Amino acid sequence: MPPSLEPIVKFFTCSISLLAVLIIHTKVLAQNRFVPNYDESAIPAYELPSALITNQGAAVTDASIWKESRRPEILELFAAEVYGRGPEACEIQHQTISKKSNAIGGKAIRREVDVKMLTGSRSTTMRLLIYTPKSAASVPVFIGLNFQGNHTVDAADDISITKNWVRNRGDVKNNRATEATRGTAAGRWPIETIIDRGYGLVTIYYGDIDPDFADGFQNGIHPQFEKEMSSVPQGERWGSIAAWAYALSRAVDYFEQDETIDAERVAVIGHSRLGKTSLWAGATDPRFKLVISNNSGCGGAALSRRAVGETVARINTSFPHWFCDNYLKYNQNENACPVDQHMLIGLIAPRAVYVASATGDKWADPRGEFLSCIHADPIYRLLGNSGMGSSGPPAEFPTAQAPINSGRVGYHLRTGKHDVTDYDWAQYLDFADRHVK
Ligand code: GTR
């Protein structure tokens, strides 16, 4: 080759190798990029573990076998393999921080009560924002955790603003809540309607309990139980969902000391990751008489084996702190898990449960959420209840805005996005009237 061509040839060889490297790199990236499946015909073959066959293979044929052996087995499997084991109930102390006798247009009493969860000399304090109808003595309540602080559920200017970590979003910068975010979540909390219907509402900022990011459980409630947890294998230690659920139970401990709240009539509600939390709270604490899962999806009401939308591998990668370490074993390996989410709903039986999906929330797999209810139905029937309805579970996935609510397992598909709306609350209040009030 003439020497004058050498640089040109060199240039082209270099460019070609660079291009090859780029192509390989993009391919690797594409392989790692998660592509959710929404195609029913592409769902991997799966068989659900049976809720009504014991670990030893015996059929669960009556309520007493369920209560004495199968239910404890399933609860144990969820604790060891999915959410992690939490500690025993700790001591609590409470202190009223504020009280307003004319909240919500004069219809409600609004209080802020600090509940301190104590272990030896260490503690975590959560602030309960409590609304109770003025006219009634001891009322049934809804309790639900909120995402951005108590001051976001109501635009009132005198609700205290959390000093704890808050996710940056909108007006929240540097992980600190501001005045500007008062009332920004009010659309999800129709307080006046709840009060008009004769219920109280209690909400707690979830970041008071455990800030929602992975930090090896250095902050929040986990570290105070270091001693209690030392005998629990690392893979089985509680994640954030279990911690949030634990605190919901400590709030009920407090209700037992509050004469304006009827601790026997408590409904727990949660949206999305907090819907996963309300289901686990309902499974672990029978004092929740109604459990509401709003758009909870993967690790909540949706069947994991379908792997539609968000999958176990994906959730464990994005949110490694939500579940226990053992749950990692089921990344792209859902069939190996000894439980699936219909069994979580079954743990709530015979108490009432309501699962809600939204047409625009495909990530949470609405059909998978519905199928969990369908597969939990036989457990309710075994316990002498109507499950999804006295004439049997529905044969078809319902259309939107057609709630299934005649039995103890309620379900609806709502039009619209991943959210909590007045439509959702209207269904929950009607359902609560039948099962809590
Ligand atoms: C998503 C997550 C879901 C759901 C949701 C939420 O990013 O993938 O599992 O929990 O967050 O909590 O808003």
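Helix 6 and helix 8 pass each other in a left-handed crossing. This is a predicted model, so take what follows as a tour of that prediction. Two packed helices are described by the angle between their axes and the distance between the axes.

**Helix 6 with helix 8**

- The axes of helix 6 and helix 8 come within 7 Å, and they cross at roughly 50°.
- That angle makes helix 6 oblique to helix 8, since it falls in neither the roughly parallel range (under 35 degrees) nor the roughly perpendicular one (65 to 115).
- On the helix 6 side, the contact is made by Leu 279, Trp 280, Gly 282 and Ala 283, while helix 8 brings Leu 344, Ile 345, Leu 347 and Ile 348.
- Sorted by class, this contact has seven nonpolar residues, one polar and no charged ones.

**Helix 8 with helix 9**

- Helix 8 covers residues 341–348 and helix 9 covers residues 366–382; their axes come within 8 Å and cross at roughly 40°.
- Helix 8 is therefore oblique to helix 9.
- The crossing here is right-handed.
- Helix 8 takes part through Gln 341, His 342, Ile 345, Gly 346 and Ile 348, and helix 9 through Ser 372, Cys 373, His 375, Ala 376, Ile 379 and Tyr 380.
- The class count for this contact is six nonpolar, five polar and no charged residues.

**Helix 2 with helix 6**

- Helix 2 runs over residues 63–83 and helix 6 over residues 273–284; the two axes come within 11 Å and cross at roughly 140°.
- Helix 2 and helix 6 are therefore oblique to each other, because an angle has to be over 145 to count as roughly antiparallel.
- Their crossing is left-handed.
- From helix 2, Arg 71, Leu 75, Phe 78, Ala 79 and Tyr 83 meet Trp 280, Ala 283 and Thr 284 in helix 6.
- Split by class, the residues of this contact are six nonpolar, one polar and one charged.

- Helix 10 has 14 residues (422–435), which at 1.5 Å a residue should span 20 Å; the end C-alpha atoms are 20 Å apart, so the two figures agree.
- Its buried residues are Asp 424, Trp 425, Gln 427, Tyr 428, Leu 429, Phe 431 and Ala 432.
- What do those buried residues pack against? Their partners are strand 4 (139–146), helix 3 (191–196), strand 6 (261–271), strand 7 (288–294), strand 8 (352–358) and strand 9 (409–414).

- Val 252 sits in helix 5, which spans residues 240–255.
- With 0% relative accessibility, Val 252 counts as buried, because the cut-off for buried is under 20%.
- Setting aside neighbours within four places in sequence, Val 252 is in contact with Ala 263, Arg 287 and Phe 288.
- Val 252 and Val 266 are 14 residues apart along the chain, and their C-alpha atoms are separated by 8.1 Å.
- Ser 357 is part of strand 8, and it is buried too, with a relative accessible area of 0%.
- Not counting residues up to four places away in sequence, Ser 357 touches Asn 295, Pro 366, Glu 369, Tyr 411, His 412, Leu 413 and Arg 414.

How values were computed:
Residues are numbered from 1 along each chain as its sequence is written. This is a predicted model: local features need pLDDT of at least 70, side-chain atom pairs count only at pLDDT 80 or more; totals for chains, interfaces and linings use all residues. Side-chain values use heavy atoms; hydrogens and water are left out. Axes are lines fitted to C-alpha atoms, for helices over the stretch in contact, and angles run from 0 to 180 degrees between N-to-C directions. Helices (H or I, at least four residues) and strands (E, at least two) are DSSP runs, numbered from the N terminus. A crossing is left-handed if the near helix is turned anticlockwise from the far one by less than a right angle, and right-handed if clockwise. Contact means heavy atoms within 4.5 Å. Ala, Val, Leu, Ile, Met, Phe, Trp, Tyr, Cys and Pro count as nonpolar, Asp, Glu, Lys and Arg as charged, and the others, Gly among them, as polar. The expected span of a helix is 1.5 Å times one less than its number of residues. Buried means under 20% relative accessible area, exposed over 50%, partly exposed in between (1.4 Å probe, protein chains only).
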